[in-house]
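These notes are for a colleague opening the model for the first time. Please read them beside the sequence and the 3D view.

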Amino acid sequence: AQMLKHPIEDLKPVMTLEDVRELRESIKRVHVDESIIDYAVTIVHQTRNRPSLRLGSSPRGSLGLIRTSQARALLDGRNYVIPDDVKRMAPWVLPHRLVSIRQTREKMAEMAQLVEEILGEVPVPIEASSLKED
């Protein structure tokens, strides 16, 4: 049957372009407390202080970490980011931005482990009253 027609040809869009634009704008409106921004920046900064890395994440990594944390919060039904959002997203956002001293096949797993180590070292900000839902 796929010789005549590929199943992908029958796919229908689940969102319009306008839906995607609205979703992107909604993500930007998710509140990020200053303590959460500092937390994300500290995590990214720690990647630049590792002897096992030739190159750590840039400030763009912080922005990516914060933006994906906002999206995670929105998906969880919140209009504010909590430290767990940052912790959940860091292993997905940061490893590909890191360059190891030794290049191995296990590089991504190694980088993910390094991010987990950093997450264990950086103190989690105490939940501020401004993080609670209105």
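1. Asp 10 lies in the segment before helix H1, which covers 17–28. Helices here are DSSP runs of H or I with at least four residues, strands are runs of E with at least two, and both are numbered from the N terminus. With a relative accessible area of 43%, Asp 10 is partly exposed; buried means under 20%, exposed over 50% and partly exposed in between, for a 1.4 Å probe and protein chains only. The side chain of Asp 10 makes a polar contact of 2.7 Å with the side chain of Lys 5. A polar contact is a pair of N or O atoms within 3.5 Å; within protein, one must be able to donate a hydrogen and the other to accept it, and residues adjacent in sequence count only if both atoms are side-chain atoms.

2. The model is predicted: local features need pLDDT of at least 70 and side-chain atom pairs count only at pLDDT 80 or more, while totals for chains, interfaces and linings use all residues. Residues are numbered from 1 along each chain as its sequence is written, and side-chain values use heavy atoms, with hydrogens and water left out.

3. The protein chain has five helices and two strands, in the order α-α-β-α-α-β-α from the N terminus. Of its 134 residues, 34% are buried. Among contacts (heavy atoms within 4.5 Å) between residues at least 6 apart in sequence, 69% join residues at least 24 apart.

4. H1 and H3 pack with their axes 8 Å apart, at an angle of about 105°. Axes are lines fitted to C-alpha atoms, for helices over the stretch in contact, and angles run from 0 to 180 degrees between N-to-C directions. The two helices are therefore roughly perpendicular; that term covers 65 to 115 degrees, while under 35 is roughly parallel, over 145 roughly antiparallel and the rest oblique. Leu 23, Ser 26, Ile 27 and Lys 28 in H1 meet Arg 67, Gln 70, Ala 71 and Leu 74 in H3. By class, this contact has four nonpolar, two polar and two charged residues. Ala, Val, Leu, Ile, Met, Phe, Trp, Tyr, Cys and Pro count as nonpolar, Asp, Glu, Lys and Arg as charged, and the others, Gly among them, as polar.

5. How do H3 and H4 pack? Helix H3 (residues 59–75) and helix H4 (residues 83–93) have axes 9 Å apart at an angle of about 125°, so H3 and H4 are oblique to each other. H3 residues in the contact include Gly 61, Gly 64 and Leu 65, and those of H4 include Asp 85, Val 86 and Met 89. The contact of H3 with H4 divides into six nonpolar, four polar and three charged residues.

6. Ser 69, in helix H3, is buried at a relative accessible area of 1%. Apart from neighbours within four places in sequence, Ser 69 contacts Val 81, Asp 85, Val 86 and Met 89. Ser 62, also found in H3, counts as buried at 8% relative accessibility. With the neighbours within four places in sequence left aside, Ser 62 touches Ala 40, Val 41 and Val 44.

7. The axes of helix H2 (residues 34–47) and H4 come within 10 Å and cross at roughly 25°, which makes H2 roughly parallel to H4. Ile 36, Tyr 39, Ala 40 and Ile 43 in H2 meet Pro 83, Val 86 and Lys 87 in H4. That contact holds six nonpolar residues, no polar ones and one charged.
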